[in-house]
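Hello,

Here is the structure I promised to pass on. Please look it over first; my notes follow below.

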Amino acid sequence: MTDIREVSVDELRHLVSDRAMSGETMLLNMGPQHPSTHGVLRLLLELDGEVVVNVIPDIGFLHTGVEKTAESKNYQQAEVMTDRLDYLNPMGNNLTYCLAVEKLTELDVPPRAQAIRVILAELQRISSHLLWLGTSALDLGAMSMFLYCMRERELVLNIFELVSGQRMMTTFIRPGGLWRDVPVEFETTVRDFLKAMPRRIQEYDDLLEKNEIFLDRTKGIGILTKEDCFQYGLSGPVIRGSGVAHDLRKKQPYSGYDLYDFDIPTHPEGDVYARYRVRVEEMTQSLRIIEQGLNKLPYGPVRSNNRKYVPPPRSEIGVSMEALIHHFKLWTEGFTPPTGHVYAATESPRGELGVYMESDGTAKPYRVHLVTPTFANLQAVPVMSRKHYIADLIGIVGSIDIVLGDADR
Amino acid sequence: MGLEQKAGNMGIVTTSLEKAVNWSRTNAMWPMLFGLACCAIEMMAAQAADYDMSRFGMELMRASPRQSDLMIVAGRVSRKMAPVVRKLYDQMPAPKWVIAMGDCASCGGIFNNYAILQGVDEIIPVDVYVAGCPPRPEGLIHGVLTLHEKVRKEKIKDWA
């Protein structure tokens with residue numbers, strides 16, 4: 001067993017200013033167990049009274065070693081771990097991983113699978129934003145928001161359970177298509193959800209938009225300028241809250257996002273309130289995308305017909321010798337894509353999520369690197385929180401929607 | 001033909017100290033507000049409207065280990081986090097219980113590698129293991145009720 005020891009403040013000493021070392025300012029440890037860090041983030045705060053002078057994020061408390069473990073799994077097996085990276089966006093992680101594998105193997109995905117992928121990814125975005133809204137509002141004292149948001153989140157999870165049998169870690173999207181077709185009740189269930197949601201979003205607005213405390217604690221807090229966004233390489237709702245209309249679904253459409261009509265909500269203020277507005281408006285846009293997807297959901301297969309990479313349907317195995325051989329080969333050895341390297345990126349609820357994959361022609365990836373949005377966005381916390389009160393730091397950390405599984409991988 | 005029959009008419013219930021204490025411990029067990037990874041989201045779902053763990057006297061999640069009786073290890077424990085988890089456990093006042101929620105906390109789950117502790121029982125004693133990746137909220141509630149059963153059977157001579 002490797003040696004387990006605690007990280008002490010001394011190891012972060014090179015990051016701490018001389019003022020703190022001389023005792024002029026105070027060093028305060030926040031986390032890794034703190035209800036407002038949304039996981040296991042540790043922030044070393046340098047305080048001048050109640051005012052934040054500097055924030056030093058210490059990450060890695062949820063380092064899972066996914067990238068290394070992926071090298072010892074074959075392509076189908078490694079996908080299972082991607083669910084658990086950014087655990088609020090499993091469908092999106094699967095999608096990104098599958099896009100990378102499909103790029104590597106030049107697999108074609110049938111239109112029905114494409115449309116279902118988009119619907120599921122957008123449902124996931126809504127559920128992620130709901131959880132963010134619930135927990136962040138809870139941090140700022142709006143307790144009831146948490147209960148309302150979790151109520152609606154259950155509706156999305158019920159849909160996921162309907163299609164895949166699992167609530168969160170579905171691994172439903174597979175290289176070359178989907179695991180299986182969606183059941184017949186899928187369309188009505190999603191339509192019920194679409195019908196219910198706009199009223200619920202209105203309810204959240206009513207609860208928060210007229211809430212003096214919430215407005216006071218979000219407006220003008222944690223301002224991030226456009227230049228900061230570019231300099232730190234941020235992405236997602238964080239930059240859209242600073243007025244940058246950058247969304248990979250529009251800029252680099254994947255899975256047929258170019259066929260859908262939707263807007264990118266942006267707000268120029270760059271404060272916590274703007275980021276909150278962006279996310280709430282994104283939920284409405286996601287509902288639009290889902291509705292369009294359902295309206296033009298084509299019929300047909302949900303898996304590519306390329307038997308070298310995609311297992312044959314169960315029904316064929318009993319009657320076709322080839323199908324049996326392919327099935328056996330794919331589930332014992334896995335498939336062997338040509339050598340090369342690819343990068344595929346999607347817009348996760350937190351920003352640009354990318355998968356870089358290198359193949360050496362064997363059944364296992366030579367290297368899988370995950371480019372995660374939270375990791376980049378976390379850099380902005382010190383910039384946003386300087387000269388604010390320590391109480392505002394809670395809202396600021398919440399506003400970038402950190403998921404530590406995403407940052408630490 | 002004893003005290004119970006006479007006292008029953010007066011609205012008095014008699015029991016043993018053991019039972020009374022165990023009963024109060026099960027019905028006011030405060031879990032620590034402490035999430036690690038994916039399972040923490042399901043733990044939150046168990047607390048929220050649809051599943052509502054407060055039915056079992058557990059609505060109060062305490063952020064401080066010094067005020068909590070139950071530690072739900074919800075998620076994978078990395079080697080960097082392990083000393084912190086141990087320290088939190090040490091800070092909890094006795095009597096204290098631990099639920100390992102999910103496969104990662106129970107046995108490492110799918111992450112058999114250098115970074116993840118192969119089960120939180122390597123560092124702290126675990127009372128109940130809840131299987132699933134992640135377990136459904138019902139699964140967690142079942143784990144909690146199993147723990148309640150265990151606590152109800154505790155003997156007076158075992159109290160420290």
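**Chain B, end to end**

From its N terminus, chain B runs α-α-α-β-α-β-α-β-α. That makes six helices and three strands. Helices (H or I, at least four residues) and strands (E, at least two) are DSSP runs, numbered from the N terminus.

Before going on, note that this is a predicted model: local features need pLDDT of at least 70, side-chain atom pairs count only at pLDDT 80 or more, and totals for chains, interfaces and linings use all residues. Residues are numbered from 1 along each chain as its sequence is written, while chains are lettered from A and ligands numbered from 1 in the order in which they are written.

The C-alpha atoms of chain B fill a box of roughly 65 × 35 × 25 Å along the principal axes. Chain B has 160 residues, and 43% of them count as buried. Buried means that 20 or more other C-beta atoms lie within 10 Å of the residue's own, with C-beta atoms placed from the backbone. Take the contacts in chain B between residues at least 6 apart in sequence: 78% join residues at least 24 apart. A contact means C-beta atoms, placed from the backbone, within 7 Å.

**The core**

The largest nonpolar core has 159 residues. Such a core is a set of buried Ala, Val, Leu, Ile, Met, Phe, Trp, Tyr and Cys residues joined through C-beta atoms within 7 Å. Helix α5 (residues 111-139) of chain A gives the most to this core, with 14 residues. B:Val73, B:Val77, B:Ile99 and B:Met101 have the most contacts inside the core. Leaving aside neighbours within four places in sequence, B:Val73 touches residues including B:Leu36, B:Val85, B:Ile99 and B:Val120.

**Where the chains meet**

In the interface, 32 residues of chain B are in contact with 33 residues of chain A. On the chain B side, α3 (38-47) and α4 (82-91) each supply at least two residues. α3(B) gives the most, with five residues.

**Two helices in chain A**

Helix α6 (residues 143-164) and helix α7 (residues 185-209) of chain A pack at an angle of about 170°, with axes 11 Å apart. The axes are lines fitted to C-alpha atoms over the stretch in contact, and angles run from 0 to 180 degrees between N-to-C directions. α6(A) and α7(A) are therefore roughly antiparallel, a label for angles over 145 degrees. Among the residues that meet are A:Tyr148 and A:Leu155 from α6(A), and A:Phe193 and A:Leu207 from α7(A).

Best wishes

Notes:
Buried ≥ 20, exposed ≤ 12 C-beta atoms within 10 Å, placed from the backbone. Contact = placed C-beta atoms within 7 Å. Parallel < 35°, antiparallel > 145°, perpendicular 65-115°, else oblique.
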